[in-house]
Amino acid sequence: MVLISFIKILFLNLILLNQDCVELPGADCLNNGWTNAHKVVSCQGITYMGQFTGGRRISKTFWCPSENLMRLSFTIAKFDSWDGESVFVYKDNVLIGKITYSPYDGTYMCLISHYPDLMEKKSYQFMLPKGQNQANFQLVDNLEADNEESWGIRDITLQVVDPCVNFYSECNFQGDLWKICSGNQTSLSKYVPFKIKSIFILDGIIVQMKDQNYQGGIHQTFTSNQTCLDDFNVIKKCLHIQVSKVQISMKIQ
Ligand SMILES: [Ca+2]
Ligand SMILES: [Ca+2]
C-alpha cells in the first residue's frame, strides 16, 4: 500500500474574507455592496454606514467556505434616544443577534447633542454546512422616530476563525471528510482515515505533501483547491506530529 510520507500545512495569516467600511475616516463606507445602505453619517470625524431608522433593513451575501468556523464582526453605533429598541441580526433569515439600548446608554458624541451615543463591537460565529458556500446577513431595526433615534455600522469583517484544510475521500470535495485546523492540533488524528482524492484549501494556506510513489516522490505544494488527485494514499501511522500556531507537520517513517 502506498503511504503518504509527509504532510505539512502552513497557516500563514488571519484569513480575512471580506472587509467593509474599515478605513478611517471611511472612504470605503459608501457603495460596498450592502443593499439598502447607500448613505453615510459622520460621528466625531469617523464615517459610518447610516444613519438608519424606522425599520431600515440592510443586507449582504458573502461567499463563505463550508465546514469552517467563521466570524462576522462589526461596530454598531447607537445614535441618540433608543427606547429599549433593537437592531436584529439575521443569518440566512435566522435570528442570531439582538442589540438593544436605552435612551441614556452612552455618552454625548454627535448628532442630537442632548441624547447620548454609543459604539460597540459585536461578533457572531457560525459554520456553514457541507455544500453551502454563501451566507446572507441582514440587519433591521424596530426604531420609530427618524429625528430622535437611529443607528450606524462600520468595521464589518468576515474572517475564518479556525482555518482548516479539508481532505475528502472522493473527487470534488465529496465523500468522507478529514480536516486539519489551525486551532485543533491537540485533537489531531494520528491516522488519515482514507485515500485522499480532493483537498479544499483556503487562500493563504499552503499544503505540502510527499509520497514516494507519486510524482517521483518530490514535494507537492498546493496553494489552491485540488479537485481530483491521482494517487495520494493512506497515511498508515504518523510517528511524529509537530504543531505550532502557524505550522503543522506530520511525518511517518
Ligand atoms: Ca447624540
Ligand atoms: Ca422609539
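## Three-stranded sheet

In this predicted model, an open sheet is built from 3 strands in the order β13-β12-β14. Its pairing is antiparallel. The edges are β13, residues 174–181, and β14, residues 198–200. Each of these edge strands pairs on one side only. Direction ignored, neighbouring strands of this sheet are turned by 25 degrees against each other on average.

Strand β12 covers residues 164–170. β12 and β14 run antiparallel and are joined by 3 bridges. Across from F167 stands I199, a residue of β14.

## Four-stranded sheet

A further open sheet holds 4 strands. Their order is β5-β10-β7-β8, and the pairing is antiparallel. β5 (57–63) and β8 (94–101) form the edges, each pairing on one side only. From one strand to the next, the twist averages 15 degrees.

## The β5–β10 pairing

Edge strand β5 spans 57–63. Its partner β10 takes in residues 134–141. The two pair in the antiparallel sense, over 7 bridges. One pair of opposing residues can be named here: W63 faces Q134 of β10.

## Pairing in brief

Strands of a sheet pair through backbone hydrogen bonds, in either a parallel or an antiparallel sense. Both sheets described here use the antiparallel form. For β5 with β10 the bridge count is 7; for β12 with β14 it is 3.

Conventions:
Residues numbered from 1 in each chain as written. Chains lettered and ligands numbered in written order. Predicted model: local features only at pLDDT ≥ 70, side-chain atom pairs only at ≥ 80, totals over all residues. Pairing = 2+ DSSP bridges. Axes fitted to C-alpha atoms, helices over the stretch in contact; angles between N-to-C directions.
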